[in-house]
Amino acid sequence: MSLRIKTLEDYHDAYKASVDNPEKFWEEQAETFTWMKRWDKVLEWDFHMADTFWFIGGKLNITVNCLDRHLETKGDQTALIWEPNEPGSEGKKLTYQELYNEVCRFANALKNIGVHKGDRICFYMPMVPELMIGILACARIGAIHSVVFAGFSANSLADRIKDATCKVIVCTDQNSRGPKISPIKLIVDEALAMGCDSVEKVIVLSHTGGGISWNNHRDLWWHDIMDKQSTTCEPVMMDSEDPLFILYTSGSTGKPKGVVHTIGGYMVYVWYSFLNVFQYKDGDIYWCTADIGWITGHSYIVYGPLLSGATTVMFEGIPSYPDPSRFWQICEKYKVNIFYTAPTAIRSLMAAGDKYAQGHNLSSLHVLGTVGEPINAEAWHWYHEHIGKGKIPVVDTWWQTETGGILISPIAGITDMKPCYASYPMPGIQPILVDIYGNEIEGNDVEGLLCIKFPWPSIIRTTYGDHGRCREIYFNVFPELYFTGDGARRDEEGRYRIIGRVDDVINVSGHRIGTAEVENAINEHPLVVESAVVGYPHDIKGQGLYAFVISRENVHDLNTFQKEINEKLTILIGPIVKTDIILIVSGLPKTRSGKIMRRILRKIAEGDLSNLGDISTLFNPEIVDEIIAKSKSLV
Ligand code: WT7
């Protein structure tokens, strides 16, 4: 079986082979890599127990496959291009040899301060090369990285540090993103004051040079501990099923959970999907605009590209700074061939005006990708026409933090594309649609809840410290299936269109937000008695946050009230979460058992009052009319 899908026939052959004999299929892919000891058995799984093990008994180190394996043939090839926030300042390029050297140096530095295999290391940093170097250094010595997006607040950071009992935190002095500077080290200090007792050391990279406070017993400068370190470091032999990283993500209930991915299966799947979805060829310059704080950055800025020996671009800034042509300037500057971004970025650049997309030489581009949320037809066409000049494929890639890699997507230029459709499953992926009782919905031109019925190598292994939660959320909703939380439609030809979350998760600008977390934060405001948050269609963000709030007393100044609520959200979660609309109500529709009927609130927020369903069984049906009337007065 060829590793590379080059024709439509290859795709069909690979898909068939992967379903007929998944073990054989993935074993052949895994043979690409350097293993210190070959696996004894390819796969064992039990969805009921949420147990999946791939390449059992195999021993390896993923950094050998990301770095050492390329040194002989690609030592001088650029591995990483770093574009800083300020267009005028100098970027950085690291060859595979240089990246290897830096990773080894930092791995040695970590060992020196007492980091061992299995220790958890938290990264709270902007998009700088040292973030990539840092996480690879962890993998080199078997430490588990937990990257926390630098837009989260001290409170969120503290929760994540405590949950994973991290031993070390790696951060910068400050973060410069767009026109703003944010005080990274200060936020770390604040988080540590919230009782993160496991933390022994904080490693600080001097990035902006801005002033910070310092704790002599705990804080270390990156450059001090790197000084005089050797540029070689023996890779630690790891088990295929040892954890590679933890990454926190929001769900419908409770606090964010730490999704755990293990080494062997994750390595094989992110490499295979990167190579095939984007049709990456040797020498291509590849740019994914995500942040390494999210799974997209882990899988398709760091691991997938490096495992493939690609040149990967990393951008510190934002699409609108200094103006909305920045993405296209960068594409032109580095002659980017493959460009991967989020629908929300496309929509905001589209809204800024076509002129920003004009006048740049984008002829190097040959594949465009999107990820993170459904892409609407208008944005898809704009991207295809204005950026792709109507000539190059757009791949709408559907996947999740829990899936590790892309599960449903066109294969660029090979399988067909249909706007709004993630289209066909990747080889190895067996999607099925079910109804709310878990019965399979067969045939085409149907809609249902999206599940996957067979494990793939990079499937979630556990939620850190609480395997029961992993079982409950993903594997025991429907027997013998992995449940995605998404609703989907299958068209006449079997393509999938992802409709969106069917649980209480809202996707704002591609960021996954749990309504429970938002409500808990809103309820901290002294005037709030109770709240319920739902998503509603938003032109740029995809979904906006609509909060129904019961307040203790009359709110005279709604603007100030909303500002205060949003400040609470900034403090408790992070500046990425803000309410767009607040509606003060005197009650929330509830069932007789006291459960808030979000379905009704969602309809009202969407302005779709045609079919609210049966409200007569509510405990307080009269409240619905009041809420509808108030919601109308908003527009
Ligand atoms: C949720 C996962 C996968 C990396 C970024 C997000 C939504 C993701 C698509 C797409 C429609 C999409 C789903 C999914 N989603 N990609 N191409 N079309 N929806 O990872 O934060 O784990 O969020 O994002 O609802 O469940 P995440």
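User: Is Cys 138 buried or exposed?
Analyst: In this predicted model, Cys 138 is buried, its relative accessible area being 0%.

User: Which cysteine sulfur is closest to that of Cys 138?
Analyst: That of Cys 166, but the two sulfurs are 9.7 Å apart, which is too far for a bond. A disulfide requires the sulfur atoms to lie within 2.5 Å.

User: And what about Cys 470?
Analyst: Cys 470 is buried, with a relative accessible area of 0%. The closest cysteine sulfur belongs to Cys 451, at 14 Å, so a bond is ruled out by distance.

User: How many disulfides does the count give, then?
Analyst: With that cut-off, the count is 0 disulfides.

User: Changing topic: what is the strand order in the open sheet of 7 strands?
Analyst: The order is β5-β4-β17-β16-β18-β19-β20, and the pairing is mixed. At the edges are β5 (92-95) and β20 (394-397), each of which pairs on one side only. Neighbouring strands are turned by 20° against each other on average, direction ignored.

User: In which sense do β4 and β17 pair?
Analyst: Strand β4 (residues 78-83) and strand β17 (residues 311-315) pair in the parallel sense, over 4 bridges. Within this pair, Ile 81 of β4 stands opposite Val 313 in β17.

User: Which helix packs on the sheet?
Analyst: Helix α10 (residues 295-307) does, touching β4, β16, β17, β18 and β19. The direction of α10 makes about 165° with that of β16.

User: Lastly, what does UniProt list for residues 517-595?
Analyst: An unreviewed UniProt entry lists them as "domain: AMP-binding enzyme C-terminal". In the model, this stretch is 27% helix and 33% strand, with its end C-alpha atoms 17 Å apart.

Conventions. Residues numbered from 1 in each chain as written. Predicted model: local features only at pLDDT ≥ 70, side-chain atom pairs only at ≥ 80, totals over all residues. Heavy atoms only, no water. Pairing = 2+ DSSP bridges. Helix = DSSP H or I, 4+ residues; strand = E, 2+ residues; numbered from the N terminus. Axes fitted to C-alpha atoms, helices over the stretch in contact; angles between N-to-C directions. Contact = heavy atoms within 4.5 Å. UniProt positions renumbered as here; feature names shortened; annotations may be inferred. Buried < 20%, exposed > 50% of the residue type's maximum accessible area, 1.4 Å probe, protein only.
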